[in-house]
Amino acid sequence: MPFYPADARNFLSKLTPKRVWNVVKILSSYYAAKLTKKPYQWGLPFNISFEPTTACNLRCPECPSGLRSFTRPTGMLRKDFFRETVNELADTLVYLYFYFQGEPYLNPDFLGMVQYAAKRGIYTVTSTNGHFLTPENALKTVESGLDRIIISIDGATQETYQAYRIGGKLDKVLQGAQNLVNCKHQLKSKTPHIIFQFLVVRPNEHEIESVQQIAKQIGVDEVKLKTAQVYDYEHGNPLIPTIDQYSRYQKQPDGTYTIKNKLLNHCWKLWHSCVITWDGRIVPCCFDKDAQHQLGDLKQQSFAQIWHSEPYNRFRRAILKSRKEIDICANCSEGTKVWA
């Protein structure tokens, strides 16, 4: 995995004695749980994902936001609710990811929420399709204190890009990235660390090298190659790459496909992180896109009460017993990501 010193120093600067001690407690409880098969949890998550919105301007074929296929309520995260939750977790929280489903920049309060978390010394990250990085928004993004931004760019040509990012304009994304680079130079800012994330699928796998060259020309800090989650993979799928190292799936002798991950009966994510939907529902991880495994509601309980509750411990016990029996785990990519 490539090492980026400036970004690493920035991340380490967020650590405080209280946050480090919380990480120690989480690690200890995780390994104790693996060893004993009991759901010990002695800390609070040091990494959470907050969903700014479920709305999106694109219609990507493997995304509930793009397909408009949610069965759960949809809407926008309110800044007052966000601040209440951050205030509760700020002492132990290290890493805050502004993304779950939807396009964060569609929430008009998004960058204000980033600024609030940044002022609390939390490492802030977002993931965007890059269509709203106008010169004005790029400037506001740098000024907000955002530490890292992931821009999805799944093609080096418009034809390839739009095959997956349906409704998207590649030239607009590239100009948005350039706006962001320009604003960093203008403000003499080392943040945000800018990443081009390339979701490798069969239609774009031939353009990996081209995207890396484009990133270098613009001045993007990093290119990250990501394997794609495909919902209907058992009998093959036109999105599954032919380059094996970029595929989460492997072909069997009978022609069917299985996921490469062996689904061991433990999950680090369930001990150190969680996802909070726009309306305050807590779900185990980003694979529960439709929030079918709700473990609590912040409108009814505090975060700490939910994190140490019986429903959460019941889910942890289920993971430790047989992860393959949990539907959202069946197509999980833990351990199968590829880094450029």
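A nonpolar core is a set of buried Ala, Val, Leu, Ile, Met, Phe, Trp, Tyr and Cys residues joined through side-chain atoms within 4.5 Å, where buried means under 20% relative accessible area, exposed over 50% and partly exposed in between, with a 1.4 Å probe and protein chains only. The largest such core here has 91 residues. This is a predicted model, in which local features need pLDDT of at least 70 and side-chain atom pairs count only at pLDDT 80 or more, while totals for chains, interfaces and linings use all residues. Residues are numbered from 1 along each chain as its sequence is written, and side-chain values use heavy atoms, with hydrogens and water left out.

**The nonpolar cores**

- Within the largest core, the residues with the most contacts are Phe82, Leu96, Ile151, Phe196, Ile276 and Phe303.
- Helix H8 (residues 170–187) gives the most to this core, contributing 7 residues; helices (H or I, at least four residues) and strands (E, at least two) are DSSP runs, numbered from the N terminus.
- Leu96 touches Ile48, Phe50, Phe82, Val86, Ala117, Ile122, Tyr123, Thr124 and Val125, if residues up to four places away in sequence are not counted; contact means heavy atoms within 4.5 Å.

**H5 against H6**

- Helix H5 (residues 110–119) packs on helix H6 (residues 135–144) at an angle of about 20 degrees, and their axes are 9 Å apart. Axes are lines fitted to C-alpha atoms, for helices over the stretch in contact, and angles run from 0 to 180 degrees between N-to-C directions.
- H5 and H6 are therefore roughly parallel to each other; angles under 35 degrees count as roughly parallel, over 145 as roughly antiparallel, 65 to 115 as roughly perpendicular and the rest as oblique.
- From H5, the contact draws on Leu111, Val114, Gln115 and Ala118, and from H6 on Asn137, Lys140, Thr141, Glu143 and Ser144.
- By class, the contact of H5 with H6 has 3 nonpolar, 4 polar and 2 charged residues; Ala, Val, Leu, Ile, Met, Phe, Trp, Tyr, Cys and Pro count as nonpolar, Asp, Glu, Lys and Arg as charged, and the others, Gly among them, as polar.

**H6 against H8**

- The axes of H6 and H8 come within 9 Å and cross at roughly 50 degrees, and the two helices are therefore oblique to each other.
- On the H6 side, Pro135, Ala138, Leu139, Thr141, Val142 and Glu143 meet Asn179, Leu180, Cys183, Lys184, Gln186 and Leu187 of H8.
- The contact of H6 with H8 divides into 7 nonpolar, 3 polar and 2 charged residues.

**Three residues to look at**

- Lys172 sits in helix H8 and counts as partly exposed, at 48% relative accessibility. Beyond residues up to four places away in sequence, Lys172 touches Gly130 and His131. Lys172 and Thr134 are 38 residues apart in sequence, with their C-alpha atoms 9.0 Å apart in space.
- Thr85 belongs to helix H4 (residues 79–89) and is buried, with a relative accessible area of 4%. Neighbours within four places in sequence aside, Thr85 is in contact with Phe50, Ile276 and Leu298.
- Ile153 is found in the loop between strand E4 (148–152) and helix H7 (158–164), where Ile153 is buried at a relative accessible area of 0%. With neighbours within four places in sequence left aside, Ile153 is in contact with Tyr161, Leu170, Leu174, Phe196, Gln197, Phe198 and Val211.
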